[in-house]
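Okay, thanks for coming, everyone.

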Amino acid sequence: MRRLIHLVIPCVLLSGCFGPGEGVEVPIDDIYFPVGLAVDENAKHLFVVSSDFDLQYNGGAVQSFDLNDVYDELPVRCTEATEEEDCAEAKQGRTCVQGLCADDAASSPCPSGDRLDADQLLYPGRCKPMDVSTHDSVKIGAFATDAIIRQRPSSAPDGAPERLFVPVRGDSTLHWLDVNEDGTLECGQAGSSDHSCNAQHRAGDDAQDNVRKLKLNVEPFAIDADEGGNTIVVTNQTTGTASLFRNEAWDAKGPNLKFALSGNGIPRLAVGIASVPQPLAAGEDANPYSAFMMTFRNAAQVRLIRFAPDEPSQINEPRPYLVDGNGVGIEANSVGTDSRGLALDGGARKKAKDACSAGDAKCIEAANMVPIDVYVANRAPSSLLIGRTRPPQEYPYFFQSVALTTGPSRVVVGHVTTPEGEDETRVFVACFDSRRIFVYDPQRSRIETEILTGRGPHALTVDTERQLLYVGHFTDSYVGVYSLDLAHPATYGTMLGTLGTPKSPRASK
């Protein structure tokens, strides 16, 4: 990877590496150094954000995949006790071989055929890459770093597009793409010869677009938004800045940069951001005062920042801003510095609210005092930090550290379905350097399983409906599809298939 780092340094210091028409055109249907994954609201499509990390091309890409097509190309999971039922409709036959349906013990359960044994050393999983084409794809700027998706507000017409947000380092912008119900992408690419998102869909690079005359700082990194997708915060990994975008209109103008929070008290290497689920009073549909938590590579703290909407006056338009709520120290680890991803789970609070009758103010007030679970991937030492918030201020405290292998980076909260049909929460932690994903069961306070992945597991997203985990393997440029089916324990946590053909980075050849 040393050569890769040398190649990237010149671009890190500049606002962009390629001008229009410069460099080799990016193949937008290829997965290349994936950094972000997202699934739409109805779990019909997977969106993969590729970053062009090694400067081979003049941009990155976003690909859309039909998840039914993906599912059809996976081997069918089974158990020997119920093999007839599991494999009755499987294309491979009625025999359960090592947890997968096959014609017989000598046949491959993989629709695409078996990988060579030698290939499985780098790319775990029995099956060759799936024969699944991209459903749609567009070109974006180089060096994307993250991705989130949000559904349109309930007031929007049925079928109104969701919206995908992608911070891009190459041109220091926030790309935004409308995601149609059929999985197609819209970012003004129709008028472009190379299918690239147009300038309107790259926010933050024009100081004339906002009253404070701001531009997004170089090196945008992590992103999150409130549940409604109205308030978006992007961190900066070199200045410690938290940049505020507002998307409240959900119109063709897209999100607009409004404010940049920085200060001497905020550590510089901000690499994680997560929206805090906000309490609602009886009768409220949304709370305008969003809050976010930030993590840092150079500080043993989690910082709370709050959004203030501001009010319009007769002479000025609204000037929303962020307020620094100060940091909470991490004391559950011996050192505690170098925190990467973080994830919050407000499931217990939501469950308490759902149990309240409509308009029952006392019940809702009590539900709003249920703590939110907080999970942080920390590298000093390598561990998953477990904490909770203290309502109503929502400052977190950490009370447990679960040891992990080298390189914790991303954390995602998702759900699995038990064999009894119950929905349960799981926490997924990617360890980039040691090729592991740890699945933590918060209900039983244990590591449920340790998944061996390919090189560089980074982006994660969970498909509860199909009981699958999608993992973006950064180093070898593909997406692994792993089983989360607890009813079929023989294959739980194993790779069932891959999207894209794995390819080693150029520096390793």
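So, to start: why is the disulfide of Cys110 and Cys127 left-handed? The torsion about the S-S bond of this pair is about -75°, so the disulfide is left-handed.

Before I go on, some ground rules. What you see is a predicted model, with residues numbered from 1 along each chain as its sequence is written. Local features need pLDDT of at least 70, side-chain atom pairs count only at pLDDT 80 or more, totals for chains, interfaces and linings use all residues, and side-chain values use heavy atoms, with hydrogens and water left out.

Back to the cysteines. I'm calling a disulfide any pair of cysteine sulfur atoms within 2.5 Å. By that rule the count comes to five disulfides, and I'll show you some of them. In the Cys110 to Cys127 pair, the S to S distance is 2.0 Å. This pair links distant parts of the chain: Cys110 and Cys127 are 17 residues apart, each in the loop between β5 (100–102) and β6 (136–140). For the labels, strands are DSSP runs of E, at least two residues, and helices are runs of H or I, at least four residues, numbered from the N terminus. Both Cys110 and Cys127 are buried, where buried means under 20% relative accessible area, exposed means over 50%, and partly exposed is in between, with a 1.4 Å probe and protein chains only.

Next pair, please. Cys187 and Cys197 form a disulfide with sulfur atoms 2.1 Å apart. The S-S torsion here is about -80°, so again we have a left-handed one. Cys187 and Cys197 both sit in the loop between β10 (185–186) and β11 (202–203), so the pair ties together parts that are ten residues apart in sequence. How accessible is Cys187? Its relative accessibility is 0%, so Cys187 counts as buried. Cys197 comes out at 3%, so that one is buried too.

Then there's Cys356 with Cys363, another disulfide, sulfur atoms 2.0 Å apart. The torsion about its S-S bond is about -80°, so this disulfide is left-handed. Buried or partly exposed, what would you say for Cys363? Cys363 is partly exposed, because its relative accessible area is 25%, while Cys356, at 12%, counts as buried. One more cysteine in passing: Cys431 has 0% relative accessibility, so it's buried.

Now two single residues. Gln237 lies in the loop between β13 (231–236) and β14 (242–246). It's buried, because its relative accessible area is 16%. What does the Gln237 side chain make a polar contact with? That would be the side chain of Glu219, at 2.6 Å. A polar contact here is a pair of N or O atoms within 3.5 Å; within protein, one must be able to donate a hydrogen and the other to accept it, and residues adjacent in sequence count only if both atoms are side-chain atoms. Contact in general means heavy atoms within 4.5 Å. Leaving aside neighbours within four places in sequence, Gln237 is in contact with residues including Arg169, Phe221, Arg268 and Leu269.

Tyr440 is in strand β26 (residues 436–441). With a relative accessible area of 3%, Tyr440 is buried. Skipping neighbours within four places in sequence, its contacts include Tyr375, Leu384, Ile386, Arg426 and Glu448. C-alpha to C-alpha, Tyr440 and Val481 are 19 Å apart in space, and they're 41 residues apart in sequence.

Last topic, the empty space. Rolling a probe the size of a water molecule over the atoms shows where empty space is left. On a 1 Å grid over the protein atoms alone, a cavity is a set of points where a 1.4 Å probe fits but cannot get out, a pocket is an open set with protein on both sides within 12 Å along at least five of seven lines, and lining residues have an atom within 4 Å of a point.

Searching the whole structure gives one cavity of 30 Å³ or more. About 40 Å³ of space lies in the largest cavity, and among its lining residues are Val26, Asp30, Tyr32 and Tyr57.

And the second largest pocket? Its volume is about 510 Å³. It's lined by 26 residues, with Asp209, Gly254, Pro255, Asn256 and Lys258 nearest its centre. Which strand gives the most to that lining? It's β15, with three residues. That's my tour, so over to you.

Methods:
Grid points are joined across faces, edges and corners, and a volume is the space filled by probe spheres set on the points.
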